[in-house]
Amino acid sequence: RAKYLVTTIADYDAALAASPLSGSDWQSLNIPAANNTNATTTVSFSGKAIGTYYIHWYVESGVVYGHSLTVTAPPRTYGGFGPYTLLSPEVTLSLNKTSIDEGGGAATGTATLTARLGGTALAPAGGITVPLTYSGTATHVTDYTATTSITIPAGANSGTISVVALADYLLESSEAITITAPASVTASSITYSIIGSPQSLTIVDKTDGAVIVEKYRPTTPLAATPAAEPSTNGSFRIRFASTSITCTKAVKVDFTVNASSTAVSGVDYVPIGVTSVTIPAGSNGIELPVTVKNNNIVQGTRKLDITITGTTLLP
């Protein structure tokens, strides 16, 4: 028969002095009577604090021929077995994507954030809940939705939440999400270190930013009545193809007068004088006015057309 002790004290005599053999700290260990017969004892570290431990043992009766350290007597100057270092159990966070798409009322992108225990470890009763905070250029609840915590349910190895981009009708630059968790959390009196914080995700805007030109009358959009001499002016409406779309920043739109236009600048209309217009932030489009000139020349119908040559998202 033998006893063993789990302790943080490396020296055998010091451990024995701190925990007498008659105390409850020593546990029974049975050694088979027959030669060349093995027996296994599972030593539990359950309930032990994080730290370094040693296992000392003591023979109550019988003759010791050897143990796993290949000695013929209980060691008396250092721990019989050890050292064993107990580390804080870990919860690892990970995202299954680095970016998600969002755009113009269309289907939105979703990423999955996972919290997972190491190996086959399972969460204790009540589960493990990790609080989360969100930062970055993307705005939580406005640009995307995600819960403010992630939970590994009791008896489970992992838990997940979804980060979902919200569809809007804004033409905007890519936006960043940073998901941050604390360094550790405690559940059922066990402290778990959090690994993988922070996590990063990008929302990529897929809104259709195509710009079109409409012939436009200031009082009647898309009017059937064209501009005319002597004083019926007209304009072009330069806008995003979808009337639902606006932009978070101003958009510069470059254009040119089509070579096929039959109206002559300075003769049939006042020179436009610019080769670009800027759609203001928050707007769907802008008007480019055309002032008709009364040239007192008898002539047929002339046309003026412009073509979009490029767009630039301004700072």
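**Salt bridges and their surroundings**

Modeller: This is a predicted model. A search of the whole structure turns up 3 salt bridges. Take them one by one.

Start with D268 and R302. They form a salt bridge, and their closest N and O atoms are 3.2 Å apart. D268 sits in the loop between β21 (251-257) and β22 (276-279). R302 sits in the loop between β23 (285-290) and β24 (306-313). The pair therefore ties together parts that are 34 residues apart in sequence. The cut-off for buried is under 20%. R302 is at 27% relative accessibility and so counts as partly exposed.

Next, K252 and D254. Their side chains meet in a salt bridge, at 2.5 Å from N to O. K252 counts as partly exposed because its relative accessibility is 27%.

Then D305 and K303. This salt bridge has its closest N and O atoms 3.9 Å apart. That falls within the 4 Å limit for a salt bridge. D305 is at 16% relative accessibility, so D305 counts as buried. K303 is at 38%, so K303 counts as partly exposed.

Why can such pairs form? Side chains of opposite charge can pair when their charged atoms come close.

Now the sheet. It is open and has 6 strands, in the order β10-β12-β7-β5-β16-β15, with mixed pairing. Its edge strands are β10 (144-145) and β15 (184-187), and each of them pairs on one side only. Inside that order, β5 (residues 90-95) and β7 (residues 110-117) run antiparallel to each other over 5 bridges.

Last, the cores. The largest nonpolar core has 30 residues. V91, I128, L132 and I177 have the most contacts inside it. Strand β7 supplies the largest share of this core, with 4 residues. A second, separate core has 19 residues, including L171, F240, I245 and L304.

To sum up the charged pairs: K252 with D254, D268 with R302, and D305 with K303.

How values were computed:
Residues numbered from 1 in each chain as written. Predicted model: local features only at pLDDT ≥ 70, side-chain atom pairs only at ≥ 80, totals over all residues. Heavy atoms only, no water. Buried < 20%, exposed > 50% of the residue type's maximum accessible area, 1.4 Å probe, protein only. Helix = DSSP H or I, 4+ residues; strand = E, 2+ residues; numbered from the N terminus. Pairing = 2+ DSSP bridges. Core = buried A, V, L, I, M, F, W, Y, C linked by side-chain atoms within 4.5 Å.
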